[in-house]
Amino acid sequence: MQAKDMFVFREGGWEYTGGKRDWQTAAGIAAICQGFMDDDEGELAADEAVSCYNCRYRRWTADSFLCMWPVKAKFNSSKNKCLE
Amino acid sequence: MKIFVGIDDTDSLEIGATGQTANELRRIIMGRGWGQPEPVTRHQLLLHPDIPYTSHNSSMCFAVEASSQYLQEMIRCAQEFLESSSAPGADPGLCVAVDERIRNVEHLISFGCRAKREILQKEEAYQTARHCGLHLSEHGGTGLGVIGALAGLALRLTGNDGRFQGKIKLQQPGTAMSAAEILASSDIEEIQSIEGQPLLPSETVIIGEKIKTVLLDSKRKLLVYRKNDEWHTITNQHIELY
Ligand code: SF4
């Protein structure tokens, strides 16, 4: 499984398909993502320090999150090129 | 008298954090000698595509015991601070309430609870603030932060919503401490399991990496969970629910 397979483009950004409790995969994606940026201490959601769930660019949705990393937002096609 | 301060929407995608802004405002209030503010609580509001939040739609609130002579100055100071410190593109809102002057408290609390489930409008926030006797003002952008600022303050008043910001230092992670020792060495007021069972003072808790506390029954509580027949402090993964 590659990181790009875990996101689908929706209006507003790239939505993570793994939901909010996919700890291992979210940490794996952030570990290789150039966009990862620590969010404020009070907003951390995962125990792994580096995780999409702890990234400043994740925007929570009811079921998951959107990745709002501006570089990624450029690729508004069905393919998430920045994570390839 | 007790003054409650709620703020929301002071950050942008890359700059600032409303929790930090609230803490800086606390420090200013302390520095001016107006009072000793209580810790900040973070209140989660509705996550919905039609709500233009930055990344988490959470709102911050703290309370401070202060003399009424400082109230107007405190409001002015908070307004100026939000205007000068909020990130470009933010939509900051400020709500200030004095506990003994709040009217129609059920109406106010209902607004806060609805903000966790429904999309609310700015006009309703202003109406509610007027109806309940609160100060509410916007300080840039669309000013939509007034909804969260009012809702966060209302949720803090319930005494049963949100988690405390800031770090609590206990002993090293992995250390065992008795519940009595934890209470004696921190601002934590009670320890209970996530199911709601209070711990006896003699019970032992294994300290985790980060100590997270929540507002329950109007107290700062440490929550613990059972693993391998021992109590452990909750992790980031558990705190999502608060
Ligand atoms: S930029 Fe997006 S993909 Fe990268 S770590 Fe942050 S949330 Fe995950």
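Is B:Glu138 buried, partly exposed or exposed, and at what relative accessibility? In this predicted model, B:Glu138 counts as partly exposed, because its relative accessibility is 31%.

**Salt bridges**

B:Glu138 pairs with B:Lys122 in a salt bridge, with 3.2 Å between the closest N and O atoms. B:Glu138 belongs to strand S5 (residues 135-138) of chain B and B:Lys122 to helix H4 (residues 122-132) of chain B, so the bridge ties together parts that are 16 residues apart in sequence. B:Lys122 itself is buried, at 17% relative accessible area.

Over all chains, the count comes to 15 salt bridges.

| Pair | N to O distance |
|---|---|
| B:Glu138 and B:Lys122 | 3.2 Å |
| B:Lys219 and B:Glu190 | 2.7 Å |
| B:Arg42 and A:Glu43 | 2.7 Å |
| B:Lys212 and A:Glu41 | 4.0 Å |

B:Lys219 and B:Glu190 link distant parts of the chain: strand S11 (residues 219-227) and strand S8 (residues 190-193) of chain B, with the two residues 29 apart. B:Lys219 is partly exposed at 30% relative accessibility, and B:Glu190 is partly exposed at 24%. Elsewhere in chain B, a network of salt bridges links B:Arg114, B:Arg117, B:Glu118 and B:Glu124.

**Where the chains meet**

Between them, chain A and chain B bury about 2100 Å², with 38% of it on carbon and sulfur atoms. On the chain A side, A:Glu43, A:Arg56 and A:Arg59 lose the most area to chain B, together 29% of what that side buries. The contact involves 23 residues of chain A and 27 residues of chain B.

Two salt bridges cross this interface. In one, B:Lys212 meets A:Glu41; in the other, B:Arg42 meets A:Glu43. B:Arg42 sits in strand S2 (residues 41-44) of chain B, and A:Glu43 in the loop between helix H1 (23-31) and S3 of chain A. Both B:Arg42 and A:Glu43 are buried.

**A buried aspartate**

B:Asp91 lies in the loop between helix H2 (71-85) and strand S4 (93-98) of chain B. B:Asp91 is buried but has no salt bridge, and the nearest side chain of opposite charge, B:Lys122, is 8.5 Å away. A polar atom of the B:Asp91 side chain does lie 2.9 Å from the backbone nitrogen of B:Thr142. The residues that B:Asp91 touches include B:Asp8, B:Asp9 and B:Gly140.

**Cysteines**

How many disulfides are there over all chains? The search finds zero. B:Cys77 is buried, at 8% relative accessible area, and its sulfur is 16 Å from the closest cysteine sulfur, in B:Cys61, too far for a bond.

Terms used:
Residues numbered from 1 in each chain as written. Chains lettered and ligands numbered in written order. Predicted model: local features only at pLDDT ≥ 70, side-chain atom pairs only at ≥ 80, totals over all residues. Heavy atoms only, no water. Helix = DSSP H or I, 4+ residues; strand = E, 2+ residues; numbered from the N terminus. Buried < 20%, exposed > 50% of the residue type's maximum accessible area, 1.4 Å probe, protein only. Lys, Arg positive; Asp, Glu negative; His and termini not counted. Polar contact = N/O pair within 3.5 Å; in protein donor to acceptor, adjacent residues only side chain to side chain. Contact = heavy atoms within 4.5 Å. Disulfide = S-S within 2.5 Å. Buried area = accessible area lost by both parts, 1.4 Å probe. Lists of a residue's contacts leave out its neighbours within four places in sequence.
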